[in-house]
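Please read this briefing with the sequence and the model side by side. Some notes on conventions come along the way.

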Amino acid sequence: AFLLLIFLIRDPRVSFDENSDVMIPLKSKHKNQEEYIDKRGIHVVVGHYMGEDIPGKTTPNLTDEILNTNGYNPHVGAGENGDPVQIPNWEMGKMQRLYHINKFNLLASDRISVNRSLPDVRKKRCHDKTFAVSSLPTTSVIIVFHNEAWSTLLRTVHSVISRSPRQLLREILLVDDASERTFLKEPLEEYVSKLPVPVRVIRSPSRTGLIRARLLGAQEAKGEVLTFLDAHCEATIGWLEPLLSRIAEDNKRVVCPIIDIIHEDTFQYVKSFELHWGAFNWNLHFRWYTLGQKELDQRKKDITEAYRTPAMAGGLFSIHKDYFYKIGAYDRNMDVWGGENLEMSFRVWMCGGSIEIAPCSHVGHVFRKSSPYTFPGEGGVGGVLYRNLARVALVWLDDWAEFYFKINAEAAKVRNDVVVKDRVMLRDRLSCHTFEWYLQNIWPENFFPAKDRFVGKIRHDSLGKCLQRPMGKGGSNQPTGTAVLRECVYEVYPSQIFVFSKKGYIMTDESVCLDAPDAESAKNPQVRIMACNEYERQKWTYKEDTKQVQHKQTGWCLDLPSKSNPDTLSLSMCDTYSTSQRWNFEHVDWA
Ligand code: LR7
Ligand code: MN
């Protein structure tokens, strides 16, 4: 009512500018903070992102269970319950100006309470699970950050505090990787000193990258378990117990939550699939793929049970502190960002531990399309990332390192610059399994070359062209679509390399397979490249004598594009006299 009053009796001396948000400018009590009544009559306070935010007013009433501060937030209730925040058209200019700072919608984030409410996104069965909290180990939550926004960092902290059993949360360690923003200096320490859980800010004197920053945090941790989070996460109710209870049973387990999506534009909390696990592609980029068959079957029995994953995304996980050190912590020669997630995944699996996803634990993360920060070091982003990945390949990939370097020229260029002796010694000391063991036992669905599989080009006998997978649109989407024939490319060209598995799948990078989705129904079934799913429909056999590629389910043969649809391969009745059904499987040396 007060605001409405201001609206109605607005001061006639204040000039009204059509293009400005400001209807009535107000004098702010704090420097670097702008206050005004906007065109809608709403009291607006801007300033979080200006570098000098005074957090005092947003300090929540810590006695409440689920807190909704709004003390200084004029957009009362924005984003509550994980709802999206819509920025009105007239604020788009400002929104875009602020977007580049963190590569997410900072204006939206700053409008949301640091302890907003979130929906309980867990499966109903998870609610029935009980945990004897007193028998669980305590944890230190370690959050590393470089120039993180105030609102996302503090929302991470508050979500952990309000949604973790107090007895289990030993402390929160904020490791500042040499941020430049002033609000992350004393104001941050001042703010966290008032919180009801010990929160400590640890400073790296110079930019050290997230890997060494985490090592810095781990070294200071007093909890029995280390729980790592990115600095723009939101933990939901019940997130912690499922992680800690798996480790209580076996401290060689590294346990991840389901990572939900906090939308980078609206900050909406979006539940993500529980039917995915983590792995990687031929470039050693982390990817989500459909769960393996064994895990799918197990999930049918109990959807609350943790399931194994070949790799973890890297940012959100719990690990017992003793095990963390026993297994080799992190490779401290990795810089800035990237590679450490796969390095730890390979190391843990190959050296006797396991990586799991606990489906009753949900934590949101702001996914963004690009990094807002610099990559100090020779060669920038690429240089840093490929040096990290070259380390991973040289230490853990055995024969597959050569394959990796063959198709990743950037990494091949720097392979001689990196020294990995200490990590190779660690691998020896821990008597770890081979990468071959890992591929066969931990990720049997993998689409990597192997000694006992055909690896190479599939070339049409009379046309001389090669089968090529569709080009992905980039990002993490699997490149699916029609299988096409193209001029054969003679160096090791990944888009024309296929792997023929023992089970009969013709697979390639990004876990896509030769498929005939409408084989049962269509008159001229199309042959496509689809996400591998282990259905009968994706099985093939190669008949060496006739050079035919036969589709197992229908018994039909891989044939040339029909004249009406020249870009589409198809299935037709097998005919040994038909020259258009002859294919040559040309092996390539992959290692
Ligand atoms: O130099 C740096 N110093 C830092 O402290 C660079 C980054 N950081 C901090 C940064 O502020 C952030 O808190 O490190 C954290 C991770 O960096 P992001 O958020 O820019 O990276 P990301 O979310 O793209 O990173 C994913 O991959 C990384 C590879 O090194 C790490 O493993 C991240 O932890 C990981 N994030 C997740 O797994 C969240 C889910 C994403 C997925 C899939
Ligand atoms: Mn992140």
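K103 lies in the loop between α2 (92-102) and α3 (106-111); helices here are DSSP runs of H or I with at least four residues, strands are runs of E with at least two, and both are numbered from the N terminus. This is a predicted model, in which local features need pLDDT of at least 70, side-chain atom pairs count only at pLDDT 80 or more, and totals for chains, interfaces and linings use all residues. Residues are numbered from 1 along each chain as its sequence is written, while chains are lettered from A and ligands numbered from 1 in the order in which they are written.

**Loop residues with positive phi**

- K103 is not a glycine, yet its phi is positive, at about 60°.
- K103 counts as partly exposed because it has 15 C-beta neighbours inside 10 Å; a residue is buried with 20 or more other C-beta atoms within 10 Å of its own, exposed with 12 or fewer, and partly exposed in between, the C-beta atoms being placed from the backbone.
- S431, in the loop between α15 (421-429) and α16, also is not a glycine and has a positive phi of about 45°.
- S431 has 9 other C-beta atoms within 10 Å, so it is exposed.

**The chain as a whole**

- The chain's secondary structure comes to 16 helices and 28 strands.
- Of its 591 residues, 42% count as buried.
- Among contacts with a separation of 6 or more, 71% are between residues 24 or more positions apart; two residues are in contact if their C-beta atoms, placed from the backbone, lie within 7 Å.

- Beyond its neighbours within four places in sequence, A393 is in contact with L284, A401, Y404, F405 and A411.
- Helix α13 (residues 400-407) has W400, F403, Y404 and F405 as its buried residues.
- These buried residues of α13 pack against α12 (380-396), α14 (409-414) and α16 (435-442).
- V381 is found in helix α12 and is partly exposed, as 15 other C-beta atoms lie within 10 Å.

- In strand β11 (residues 276-280), 4 of the 5 residues are buried.
- β11 pairs with strand β12 (residues 286-290) in the antiparallel sense over 5 bridges; strands pair if DSSP finds at least two bridges between them.
- A279 stands opposite R287 in β12.
- The hairpin has 5 residues between its strands, and L284 takes a positive phi near 60° there.

**Around ligand 1**

- Ligand 1 has 24 residues around it, of which D177, A231, A313, G314 and G315 come nearest; a residue is near a molecule if its C-beta atom, placed from the backbone, lies within 6 Å of it.
- At least two residues of this shell come from each of β4 (139-145), α7 (209-220) and α11 (340-350), and α7 gives the most, with 3 residues.
- By class the shell has 12 nonpolar, 8 polar and 4 charged residues; Ala, Val, Leu, Ile, Met, Phe, Trp, Tyr, Cys and Pro count as nonpolar, Asp, Glu, Lys and Arg as charged, and the others, Gly among them, as polar.
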